[in-house]
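Thanks for making the time, everyone. I would like to walk you through one chain today, so please have a look at the sequence and the model before I go on.

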Amino acid sequence: MDVKEQITKAVEKITKDKGLQEQFQKDPVKALENVLGVDLPEDVINQVIQGVKAKLTADKVSDTVDALKGFLKK
């Protein structure tokens, strides 16, 4: 199983669905198992959770920086 591929798949689905975002914050294991459609071993699911959290955080920081750049150009 390609963990990186699972992270990408999960991030794409979670970022498009507010309900999934809330579920991921409350119960990341259950959210990922719903998104990916599989019951992953604990060591793999933890890697995916950490990767998704990192990616979501990086995306939010990037969006904030882009918004600030736009604001500063005005």
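**Contacts, helices and a core**

Let me begin with contacts, meaning heavy atoms within 4.5 Å: in this chain, residues 24 or more positions apart account for 50% of the contacts with a separation of 6 or more. Please keep in mind that this is a predicted model, in which local features need pLDDT of at least 70 and side-chain atom pairs count only at pLDDT 80 or more, while totals for chains, interfaces and linings use all residues. Residues are numbered from 1 along each chain as its sequence is written, and side-chain values use heavy atoms, with hydrogens and water left out.

What is the secondary structure? The chain has four helices and zero strands, where helices (H or I, at least four residues) and strands (E, at least two) are DSSP runs numbered from the N terminus. Of its 74 residues, 27% count as buried, a word that here stands for under 20% relative accessible area with a 1.4 Å probe, counting protein chains only.

The axes are lines fitted to C-alpha atoms, for helices over the stretch in contact, and the angles run from 0 to 180 degrees between N-to-C directions. On the H1 side the contact is made by Lys13, Ile14 and Thr15, and on the H2 side by Leu20, Gln21 and Phe24.

The axes of H2 and H3 come within 5 Å and cross at roughly 140 degrees, so these two helices are oblique to each other as well.

Which residues touch the most other members of the largest nonpolar core? Among its 17 residues, they are Ala10, Ile14, Phe24, Leu32, Val48 and Val52; such a core is a set of buried Ala, Val, Leu, Ile, Met, Phe, Trp, Tyr and Cys residues joined through side-chain atoms within 4.5 Å. H1, H2, H3 (28–36) and H4 (42–73) each supply at least two residues of this core, and H4 gives the most, with six.

Finally, Leu32, leaving aside residues up to four places away in sequence, touches Ala10, Ile14, Phe24, Gly37, Ile45, Val48, Ile49 and Val52.

Key
Buried means under 20% relative accessible area, exposed over 50%, partly exposed in between (1.4 Å probe, protein chains only). Angles under 35 degrees count as roughly parallel, over 145 as roughly antiparallel, 65 to 115 as roughly perpendicular and the rest as oblique.
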